[in-house]
Amino acid sequence: RYYYLIENHIKKNIGNIKIKDLNDKLINNYLEKELKTGLLNKPGGLSKNSVYDIRIILKQVLKINSIDIELMKISKEVGKGKDLYKEDKRKLLNYLNTINGNIKIGILLSLLLGLRESEICGLKYSDIDLNNKIVNINRIIVRVKSFNTKKKTKLIITNPKTEYSKRTLPIPDKLYSVLRKKTEENNLSSYILTNTENFMDPRTFYGRYKRILNKLDLNKYTFHDLRHTFASNCVEIGIDPKTLMELLGHSNVSTTLNIYVHSSLDNKRNYINKL
């Protein structure tokens, strides 16, 4: 995404300007232009999120070159996601109880611990500490642009995006027995989703997840909705935002509050009935 923004927007608009000649007016006028007329093939401006990312890139360029420029503020538009309805969550859990396999474990890791797809694909049996009932998030599998191969993208193993994403989580009792059996049966260097030392492509994992949803007529949900459901369930049982932030691997509590902490319709109904 950053590469696309650099090649198709930043370079085309201000790429011929020397870094030493950058100033507040020039950069902020450029950002405003992207918001108003930044679309490449039709009239209109780029989304706030795209210009927000352009601002991040420019901010890093200025920082690396020790240039002090006050960039205009751009608010990122955060998608809210959605929770699984309680009956849909129950339907999914009941089905998972009838099957075995590692895709089941992957889905439960998101629904019961809030893990991202990239984190689940990067999880090895060595990351599970059965004695202390904890799981360590140490690596992710992500798809990035490829510069040295014929394919446009490639998969890489890398560290979680931030230090906050690299975290230790308690294993819930509902998941412990499943993880214990699989861990005892497999090599510690193997990935959980494959039982081998080769990881699974997140696209493959998502495809298998969607096949399960299609079978249950729940295809309106995305994989991120599992993580969102986990977060909302945490809020419902009274987990404080700081703890939830750490469980989700966010770098600041405002992200957690903006995306996940909002009252459900049931909570609103309970409050209204108390009036």
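1. Strand β2 (residues 134-136) and strand β5 run antiparallel and are joined by three bridges. Two strands count as paired if DSSP finds at least two bridges between them. Within this pair, Val-135 stands opposite Leu-169 of β5. The model is a predicted one, in which local features need pLDDT of at least 70, side-chain atom pairs count only at pLDDT 80 or more, and totals for chains, interfaces and linings use all residues. Residues are numbered from 1 along each chain as its sequence is written, and side-chain values use heavy atoms, with hydrogens and water left out.

2. These strands belong to an open sheet of three strands, in the order β1-β2-β5, with antiparallel pairing. β1 (128-129) and β5 (168-170) each have a single partner strand and stand at the edges, so one side of each has no neighbour in the sheet.

3. The protein chain has 12 helices and five strands. Both are DSSP runs numbered from the N terminus: helices are H or I of at least four residues, strands E of at least two.

4. The C-alpha trace spans about 60 × 60 × 35 Å along its principal axes. Of the 275 residues in the protein chain, 39% are buried, meaning under 20% relative accessible area with a 1.4 Å probe, protein chains only.

5. Contacts are heavy atoms within 4.5 Å. Among those between residues at least 6 apart in sequence, 61% join residues at least 24 apart.

6. The protein chain carries 50 positive and 28 negative side chains, and the centres of the two sets lie 5 Å apart. Lys and Arg count as positive, Asp and Glu as negative, while His and the chain ends are not counted. Each charge is placed at NZ of Lys, CZ of Arg, CG of Asp or CD of Glu.

Notes. Buried means under 20% relative accessible area, exposed over 50%, partly exposed in between (1.4 Å probe, protein chains only).
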